[in-house]
Amino acid sequence: MPVNSHHPEYEVRSKDWKKCRDAFEGEAAIKAGGTAYLPKASGLSEDEYRAYKERALFYSITNKTVSALAGMATAKPASLKFNDALKGYFTDAGGVQFHELYSKAIAETLLMGRFGVLVDRDGSNNPYFALYTAESIINWEIDEDGKLKMVVLSEKYLEKDANDKYKLTEKTRYRVLELTNNVYQQTIYDDKDMQTGLVVTPKNYGKSMSFIPFSVVNSFGLGFDNSKPPMLDIVSINISHYRSSADLEHGRHFTALPTPVVSGVDSTTVLKIGAMTAWVLPDHQARAYYLEFTGTGLGSLEKALTEKQSQLASLSARLLDNSKRGSEAADTVRLRYVSETASLSTVVLAVEACLNEVYRNICVLLDIAPDVSIVLDKEFLDGRLSGAEVQKFVQSYLDGGMSKETLVFNLRRGDVISPDRSDEEEIASLVKTEEARQQSAMASASGTNQSSDNSGVTQ
């Protein structure tokens with residue numbers, strides 16, 4: 001069996017992944033797909049079909065929806081706790097860093113329902129992240145205990161022409177990660193199924209590894225679960241909308257220009273149309289008129305487009321929804337988007353688990369304690385507290401009805417506390433402020449008592 005063989009579950013989902021990817025890429029990718037997305041009507045020549053396809057409008061709502069949902073998920077910074085040795089993997093400008101990994105994982109999991117991250121070593125033996133889309137994870141094997149035994153990754157790369165230093169050719173290679181006798185190994189194959197180098201046994205401080213440091217996230221958690229891509233329903237309607245647009249524009253093209261019709265004249269007669277041309281029709285019963293479109297045929301297509309736009313709006317593509325909601329209460333907005341954020345929450349929870357596993361693998365390769373905690377924000381809708389609500393929480397704390405820990409929790413959840421300050425810093429600041437307030441109150445009380453005593457003496 002060749003190295004580029006696909007897992008049976010890959011074959012089940014490959015068409016869905018292709019459709020989702022093309023819809024995300026937009027009009028150029030969809031139209032390049034030709035009849036896969038826009039069937040060719042019988043009787044159309046190749047030139048006529050090309051014009052039919054080019055007149056159609058592909059509404060790039062898939063891309064906009066993924067971008068909007070990913071933006072909602074990453075709008076607030078994650079809560080991070082990590083060993084100082086990991087600092088470069090969160091803040092360094094070089095390589096794939098945390099926010100890029102986080103954003104890419106959210107967007108890809110929303111779109112495709114799968115995303116992979118390999119922790120590997122570079123030429124300097126430093127651990128780094130390598131990211132893999134759903135389409136590039138072509139084969140895998142899991143043992144009876146759920147441990148990854150083998151995974152085959154398809155990689156695109158550019159190769160320079162031997163005779164032309166400016167010419168680059170895209171090629172494919174295959175990276176095989178596997179456990180052989182419980183020892184992790186890597187092998188690279190070219191697109192002709194030929195091994196291009198020796199089998200490499202990655203070492204961790206001189207010792208071989210007993211696991212494959214490759215993490216896969218799906219719509220519901222970690223692993224190779226073959227779930228439906230979250231965006232598939234939106235993509236399907238997006239493509240159906242494209243087909244209706246093609247039919248509508250095709251109909252408009254052929255009905256917009258009136259066609260002249262003349263009866264009672266020999267068919268060989270040459271007639272010219274123009275203001276400086278006069279027609280003489282010898283038969284008094286002959287007629288000349290324009291054939292123009294009447295009826296509601298195109299109206300049904302326009303209605304179909306509107307209905308599909310409404311369906312897209314109900315399936316989280318709210319950017320299509322043009323209704324005015326400026327006066328809606330916050331609770332109404334929350335209820336209206338509850339299904340949208342529910343699925344997004346599932347994806348974010350899955351990505352959170354993946355990120356924690358990936359950074360623990362980094363710790364293993366750095367030979368340090370896996371002291372890392374990544375908690376992603378899951379309050380996607382605007383939950384900023386109003387001034388009155390902040391005052392209410394603070395007053396409850398001052399009155400003894402709320403602990404300082406609960407106060408800080410609610411203020412952070414309400415997007416009032418700066419993300420640059422930790423909970424511990426806020427609590428310490430509250431303690432300091434409270435002590436200063438008590439000292440001020442005691443000093444004020446002491447001054448009041450002294451004034452009363454002096455008043456008594458004067459009398």
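Predicted model: local features only at pLDDT ≥ 70, side-chain atom pairs only at ≥ 80, totals over all residues.
Glutamate 159 stands opposite threonine 169 in strand E6.

**The four-stranded sheet**

Four strands make up an open sheet, in the order E4-E5-E6-E7, with antiparallel pairing. Strand E4 (137–142) and strand E7 (183–190) are the edge strands, and each of them pairs on one side only. Direction ignored, neighbouring strands in this sheet are turned against each other by 20° on average.

The pairings can be followed along the sheet. E4 and strand E5 (residues 148–160) are joined by five bridges and run antiparallel. Within this part, asparagine 139 has valine 152 in E5 as its bridge partner. E5 then pairs with strand E6 (residues 168–180) over eleven bridges, again in the antiparallel sense. Finally, E6 is joined to E7 by eight bridges, and these strands also run antiparallel. Here arginine 173 has aspartate 190 in E7 as its bridge partner. E6 and E7 form a hairpin with two residues between them. In its turn, asparagine 181 has a positive phi of about 55°.

**The three-stranded sheet**

Another open sheet is formed by three strands in the order E3-E2-E10, and its pairing is antiparallel. Strand E3 (127–133) and strand E10 (214–218) each have a single partner strand and stand at the edges, so one side of each lacks a neighbour in the sheet.

Strand E2 (residues 114–121) pairs with E3 through seven bridges in the antiparallel sense. Valine 117 has leucine 131 in E3 as its bridge partner, and phenylalanine 115 stands opposite threonine 133 in E3. The two strands E2 and E3 form a hairpin with five residues between them. Asparagine 125, in the turn, has a positive phi of about 70°.

| Strand pair | Sense | Bridges |
|---|---|---|
| E2 and E3 | antiparallel | seven bridges |
| E4 and E5 | antiparallel | five bridges |
| E5 and E6 | antiparallel | eleven bridges |
| E6 and E7 | antiparallel | eight bridges |

**Helices H6 and H4**

Helix H6 (residues 98–112) lies across E2, E3 and E10 and runs at about 145° to E2. H6 also meets another helix. The axes of helix H4 (residues 61–74) and H6 come within 9 Å and cross at roughly 135°. Because of this angle, H4 counts as oblique to H6. The crossing of H4 past H6 is right-handed.

Which residues make the contact between H4 and H6? From H4 come Thr62, Val66, Leu69, Ala70, Ala73 and Thr74. From H6 come His99, Tyr102, Ser103, Ile106, Ala107, Leu110 and Leu111. By class, this contact has nine nonpolar residues, four polar residues and no charged residues.

**Aromatic pairs**

How many aromatic pairs does the structure hold? There are twelve aromatic pairs. One of them joins phenylalanine 90 and tyrosine 359: the ring centres are 4.5 Å apart and the planes stand at 20°, so the pair is stacked. Stacked here requires planes under 30 degrees apart. This pair links distant parts of the chain, with phenylalanine 90 in helix H5 (residues 87–91) and tyrosine 359 in helix H10 (residues 338–366). The two residues are 269 residues apart.

Conventions
Residues numbered from 1 in each chain as written. Heavy atoms only, no water. Pairing = 2+ DSSP bridges. Contact = heavy atoms within 4.5 Å. Axes fitted to C-alpha atoms, helices over the stretch in contact; angles between N-to-C directions. Parallel < 35°, antiparallel > 145°, perpendicular 65-115°, else oblique. Left-handed = near helix turned anticlockwise from the far one by under 90°. Nonpolar A, V, L, I, M, F, W, Y, C, P; charged D, E, K, R; others polar. Phe/Tyr/Trp six-rings, centres within 6.5 Å; stacked < 30°, edge-to-face > 60°.
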